[in-house]
Each structure stands twice: as structure tokens, then as C-alpha cells.
Amino acid sequence: MEIATAPAKHDSVPLEAKSPFEMRVHLGDDVPDTDVKTALRSGDMGFLHSYTTGSAVDGPGIRLVAWTTACMFRCQYCHNPDTWTLKNGIPVTLEQAIGEVRKYANGLKRMGGGFTLSGGEPLMQARFAARLFAAVKAMGVHTAIETNGFYGEQLSDEELRTIDLIILDVIAFTLEQHKRVTGGMDNSDVIAFAQRLAALKRPMWIRYVLVPGLTDDMEEIDHVAKFAASLGVVERVEILPFHQLGQYKWERLALDYKLADTQPPSNALVQQAVERFTAAGLSAS
Ligand code: SF4
């Protein structure tokens, strides 16, 4: 792999961020495309938006979270559109990424927490993700992935067993609604992945983003709930109320943000959605 001689853009940017809501762009632009291709094939290097420490909302306990860049969806409600592009992230060798987790491993174990890989969509960098999970699992640290599931087939059954918890972002159950929210993407692979995880008995949490006027159709929510309940492995459903923290990123990236005037859902609407999942027999909040 080519060694850059000039200081790279990411050299002055710390890998750790206060939150993924920090805007990060072009940090991997100096990596030649041929090296990117090699890295994606081997998993020797990944691209990360950042790490955050001390998260209490991305899996059980207190967690270290690595946010990957690249995503194949274009969700209308995406809070971090800077993570859509692989080379917006900081190039990190697999060894560096493993080393970051090792620094916190004892503390994470003591606090009943662990390591979560989120994004972006982590499985856009499936080899890197798989090798990182294998190394973290070998440290005895609890592992979780937050994924939209579209590239689930990129992980073997054995690789899936190195991930203690899959947090599946379910955007919609019906194809038409899925395409509407994601910018035209199909969800049959997401559904197939969820069913495969169920057959493998892998513990799963489901996240559903509730956006007034976009994802608050109760009939659609019932479809998602019924499907989730049918899997038999869903331990918890989290309703994530839409917010506008990512709006400034859409504006700065000159993207067409259709939700500029959308308000967060009322508590009553969130409760209504929660009840649809609990009515299906799931634990939801
Ligand atoms: S799947 Fe996640 S990262 Fe990708 S566009 Fe949707 S919300 Fe954004």
C-alpha cells in the first residue's frame, strides 16, 4: 500500500468525537482508489467517521462505538449524511481499530458493556467488520452491530456468531414504503437477513425511526411489529423519535432535505407506536 508523504487531511482530526453528529468530510480523500479496493477486499483497513466512548444507548451497558462511513441507503430522515461516503471517513488499519478497543476492554467488561460497530452501514466494509468483531470477541468483550441488514449475506454464519447482538434498523416492512424512505432501495434482502438471524437464533434488537408524516402509518408499523414478533429472537424494540440534530449536515452538504419542516413526534404518537409493538407481544420502548 502506498505511503502518503504529505500530511493527510485526517492527521489533524482526532479519531474520537463527542458524538457522530460532528460533521466530517473528505478525511480519506488522500487514499488512492486502488488501496480502497484492496482494503475493502481484505479488511486490512477501514474508514471510520469516529469513535465515541461512554454510550449508554447503543446496546447493553456502557459502550465504545465505532461509526463507519459508507451507506447504500439514502433515508430521508438520516441524521448523519456525511457518513454516506466512504472516503469522508478516517482511514484506520485493522490493527489500529483493534488497539482502540483493547484500550477500553477491561473497563467495558467491568461495566457490563461492550463494543458496537455502527454507521453509516458497517457491512459496506464487511471484511473489516468481520475481522474486527473476531478480534474483539477474542478479548472477551461483548460485541454488537447496528446495521440496516441490506448486506447481511456478506457475513458467514460463523462470523455472525462473533456478534453477540444485532441491532437491526428496520425502516419499513412493505416494499413501497421502504423505497419511499430509503431513496428507492429494496428490502427483500433485509427481510431475508432477519429470517436468517432468527434461524441461527442470534439475539436481535430492532430500531424503528418514527417520523411524523413519513413513518407513522400505524398499519405499516403493525406489519413491522408482526414480522418482528414472528422472528422469535427480538429481545427489544426501540422507537427512535425523529429529531433535527442532523439538519445542518444536509444543508452544508447541499443535499435535498425533505424533512426541514417536520417536527419531532409527540409523546402520544411515540406511545401509540410502542403499543403496536407491545400488542404484537414484543418488549418495546
Ligand atoms: S441506513 Fe442509516 S446511515 Fe444509511 S441512510 Fe439510512 S439512516 Fe442514514
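In this predicted model, Met-218, Ile-221, Asp-222, Val-224 and Ala-225 of helix H7 touch Leu-269, Gln-272, Ala-273, Arg-276 and Phe-277 of helix H9, contact being heavy atoms within 4.5 Å. Sorted by class, that contact holds seven nonpolar, one polar and two charged residues; Ala, Val, Leu, Ile, Met, Phe, Trp, Tyr, Cys and Pro count as nonpolar, Asp, Glu, Lys and Arg as charged, and the others, Gly among them, as polar. The axes of H7 (residues 218-231) and H9 (residues 267-279) come within 8 Å and cross at roughly 35°. Axes here are lines fitted to C-alpha atoms over the stretch in contact, with angles from 0 to 180 degrees between N-to-C directions; helices (H or I, at least four residues) and strands (E, at least two) are DSSP runs numbered from the N terminus. The crossing is right-handed, that is, the near helix is turned clockwise from the far one by less than a right angle.

Gly-120 belongs to the loop between strand E4 (114-118) and helix H3 (126-138). His-26, in the segment before helix H1 (33-42), has a positive phi of about 60° despite not being a glycine. Most residues other than glycine have a negative phi, and most peptide bonds are trans.

Residues are numbered from 1 along each chain as its sequence is written. Local features need pLDDT of at least 70, side-chain atom pairs count only at pLDDT 80 or more, and totals for chains, interfaces and linings use all residues, while side-chain values use heavy atoms, leaving out hydrogens and water.
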